[in-house]
Amino acid sequence: MEPLIRTFMQRSSAISRRSVYLFGQISRCNSMLATTELNINDKPVTDLTKSERKSLIYNNRRNAELEKASRQKELQIPLNRVLDDWLSTTGPKHIMSAAEHYGIFKDVLVDDSFIPKVNFEVAYPSDQVQWGNFLYPTKTKTCPLVTLPPKYDDGLWAVIMINPDGTFIEDRQGSGFLHWLIINMTSSSSDDGVEVCKYLQPLPIRGTGYHRYVFILCKQSQKLSIPNKFTDVTDRCFSTSDFLDQHKDTLEPVGLRFFQANWDKSVRASFQEEFGLKEPTYSVEPIPLSKSRLGKYKHRNIYKNKEKLF
């Protein structure tokens, strides 16, 4: 029994000595790291070399102040910097992948695509357009504000707002429905552009599900002169790919944002106010069920007879 007690005491003392040593090393490292300043880089990520990025990550991971602030939920992350760094590195490829997922290039540009390398904002009074978010037509009744970063003030820009799901004219199927067209933007705001097609709020027709509303930012090489011929509902049946092909020497698509919208009560009023038309609605015709299929579901109340079912 005595050898067992002696062995246990030896192991305990060894563990305690090791713990004291490790604690001393950790305290020493923490005291060294505590004297260093927060190493938050002020340069854009694109201006850093690979070794500088690795060094920055290495030092921040070993900074005791950053670890303490993170653990106590006091670490402040500059989200604007994160967004700018994302848009200047992998953001355009991610946006392009999202657009392909939603079929934007396929249905708007007829399988043509571009890299959205220029960031711009589309802001409604209460919401912003991102890349596939959901907005109600009620909140998009007023014209949005399109803004660009100040570094793009010296150029000319055009903005197209198109709905590839909204054409309800029978002989114009296959084209999109134009909601807004601005050209010759000379500053960082859409207020300074020429409105060729007046803004029309999203009109997702009842019974047709969610519609996609796409904003395409185009870089102009020179000023454009386009007549305002979008006065009737049929004039708004618009092919974006044909329009860009027609002005391929002047317009280059460089930015992309889009959102989704479903029907609400404001759509009914907009049809009456804008076009003087009664709102069209669509519904699915029920498929008649055979007697054998009705018998299969006879245990359910709604399938007891056709009168209750239809």
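These questions and answers walk through a predicted protein model.

Trainee: What is the mean pLDDT of the protein?
Mentor: This is a predicted model, so start with pLDDT, the predictor's confidence in each residue. In this protein, 75% of the residues reach 70 or more. The mean pLDDT is 79.

Trainee: How many contacts beyond four places in sequence does the model have for residues 302-310?
Mentor: Take residues 2-12 for background. Their pLDDT stays under 50, and they have zero contacts beyond four places in sequence. For residues 302-310, pLDDT also stays under 50. Yet the count of such contacts for residues 302-310 is 17.

Trainee: How many of the 10 residues of strand S8 are buried?
Mentor: Buried means under 20% relative accessible area. Strand S8 spans residues 211-220 and is mostly covered. Its buried residues number nine.

Trainee: Which residue in S10 is the bridge partner of Cys218?
Mentor: Begin with strand S5, residues 156-163, which pairs with S8 in the antiparallel sense over seven bridges. There, Ala158 has Cys218 of S8 as its bridge partner. S8 also pairs with strand S10, residues 251-261, in the antiparallel sense over 10 bridges. In S10, the partner of Cys218 is Pro253.

Trainee: Which strands stand at the edges of the open sheet of three strands?
Mentor: The order is S2-S1-S4, with antiparallel pairing. An edge strand here has a single partner strand, so one side is left without a neighbour in the sheet. The edge strands are S2 (128-129) and S4 (145-147).

Trainee: Which residue in S2 does Val122 stand opposite?
Mentor: Strand S1, residues 121-123, pairs with S2 in the antiparallel sense over two bridges. Opposite Val122 stands Val129.

Terms used. Residues numbered from 1 in each chain as written. Predicted model: local features only at pLDDT ≥ 70, side-chain atom pairs only at ≥ 80, totals over all residues. Heavy atoms only, no water. pLDDT = per-residue confidence, 0-100. Contact = heavy atoms within 4.5 Å. Buried < 20%, exposed > 50% of the residue type's maximum accessible area, 1.4 Å probe, protein only. Helix = DSSP H or I, 4+ residues; strand = E, 2+ residues; numbered from the N terminus. Pairing = 2+ DSSP bridges.
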